[in-house]
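Subject: Structure handover and notes

Dear colleague,

I am passing on the structure below, together with notes on what turned up in it. Please read the notes with the model open beside them.

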Amino acid sequence: MKKYTQLLLTAWIGTGALFTASASAEVFVAPFAGYSFAASEFDVTQTATNEQGKVKIAESANYGLMMGVTTDDPGNIYFLYSSQSTDLRSGGNFSADSVIDLTVDYFHIGGSLFFPNGNLKPYVTVSMGVTNLRPSGDYSNESRFSMGFGAGLEYEVTPAVSLFADARGYATFINSDNALFCNGGQCIWNINADIMWQGQVNAGVKLTF
């Protein structure tokens with residue numbers, strides 16, 4: 001986790017340098033809300049009983065914020081925060097019920113490339129950073145390196161206000177055969193997974209200064 005934190009910090013410092021160095025760049029803030037879906041299933045083994053089964057993150061609403069600067073490509077560079085309050089749902093040999101409440105946060109540095117056509121601006125975007133999984137109770141948080149990619153459409157209402165909608169996919173890299181959600185050395189599961197995939201659709205307002 002230490003190297004992932006250093007990577008994210010380096011990217012954030014680089015973004016800050018762009019704010020400082022690019023006097024002509026426009027700064028923007030873009031709050032958004034959406035829906036998270038299609039999370040991957042985890043193959044898990046309960047540590048207490050050695051019973052095997054599957055769990056996955058339930059679909060639910062999310063919200064977030066992007067902050068960044070424009071570039072001359074045309075495009076932008078941004079910091080993204082996205083948060084989803086959800087739960088883990090069991091399957092397979094387990095009952096199909098909520099196992100534990102869970103918050104999924106993404107902290108990403110990214111960039112977008114626009115293809116302007118009048119007031120309409122289709123774009124593609126990529127990002128990288130950290131996914132933080134925060135279960136309820138006294139269980140440990142889990143942070144993993146992740147990457148994102150997506151496409152969207154922005155409509156410029158005025159030079160200072162735009163509306164946008166996009167679809168994003170996130171790949172969170174999880175070490176296979178690893179303990180997950182521990183409390184004082186006691187872990188709920190051992191998991192067998194390499195990548196957790198999750199999709200989002202979002203809509204928001206972009207304010208440019």
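In the protein chain, residues 24 or more positions apart account for 65% of the contacts with a separation of 6 or more, a contact being heavy atoms within 4.5 Å. This is a predicted model, in which local features need pLDDT of at least 70 and side-chain atom pairs count only at pLDDT 80 or more, while totals for chains, interfaces and linings use all residues. Residues are numbered from 1 along each chain as its sequence is written, and side-chain values use heavy atoms, with hydrogens and water left out.

The secondary structure comes to one helix and 12 strands, where helices (H or I, at least four residues) and strands (E, at least two) are DSSP runs numbered from the N terminus. Read from the N terminus, the order of the elements is α-β-β-β-β-β-β-β-β-β-β-β-β. Of the 209 residues, 43% count as buried; buried stands for under 20% relative accessible area, exposed for over 50%, and partly exposed for what lies in between (1.4 Å probe, protein chains only).

Two residues illustrate the contacts between separate parts of the chain. Ser127 lies in strand 7 (residues 120–135) and counts as buried, at 6% relative accessibility. Not counting residues up to four places away in sequence, Ser127 touches Tyr78, His108, Ile109, Gly110, Met147, Gly148 and Tyr170. Between Ser127 and Arg168, which are 41 residues apart in sequence, the C-alpha to C-alpha distance is 10.0 Å. Trp197, for its part, belongs to strand 12 and is partly exposed, with 42% relative accessibility. With neighbours within four places in sequence left aside, Trp197 is in contact with Ala38, Ala39, Ser40, Phe149, Tyr170 and Ala171.

Next, the aromatic rings. The structure holds five aromatic pairs; rings of Phe, Tyr and Trp (its six-membered ring) pair if their centres lie within 6.5 Å, and planes under 30 degrees apart count as stacked, over 60 as edge-to-face and the rest as tilted. One of them joins Tyr81 and Phe107, whose ring centres are 5.3 Å apart and whose planes stand at 40°, so the pair is tilted. Because Tyr81 lies in strand 5 and Phe107 in strand 6, this pair ties together parts that are 26 residues apart in sequence. Tyr81 is partly exposed, with a relative accessible area of 24%, and Phe107 is also partly exposed, at 27%. Phe145 and Phe173 form a stacked pair, 5.8 Å centre to centre with 25° between the planes. That pair links distant parts of the chain, with Phe145 in strand 8 and Phe173 in strand 9, 28 residues apart. Phe145 is buried, with a relative accessible area of 14%, whereas Phe173 is partly exposed at 32%.

Grid points are joined across faces, edges and corners, and a volume is the space filled by probe spheres set on the points.

The largest pocket holds about 210 Å³ of space. Its lining is made up of 14 residues, of which Thr70, Lys121, Glu154, Glu156 and Lys206 lie nearest its centre. Two or more lining residues come from each of strand 4 (60–71), strand 8 (142–158) and strand 12 (195–208). The charged end of Lys206 sits over the ring of Phe28, 4.7 Å from its centre (the rule asks for NZ of Lys or CZ of Arg within 6 Å of the ring centre and within 35 degrees of the ring normal).

There are two cavities of 30 Å³ or more, and the largest cavity has a volume of about 100 Å³. Among the 13 residues that line the largest cavity, Met66, Asn76, Phe114, Tyr123 and Glu154 are the closest to its centre. Strand 9 gives the largest share of that lining, three residues.

Finally, a cis peptide bond joins Asp73 and Pro74, with omega about 5°, and Pro74 is found in the loop between strand 4 and strand 5.

With best wishes

Terms used
On a 1 Å grid over the protein atoms alone, a cavity is a set of points where a 1.4 Å probe fits but cannot get out, and a pocket is an open set with protein on both sides within 12 Å along at least five of seven lines; lining residues have an atom within 4 Å of a point.
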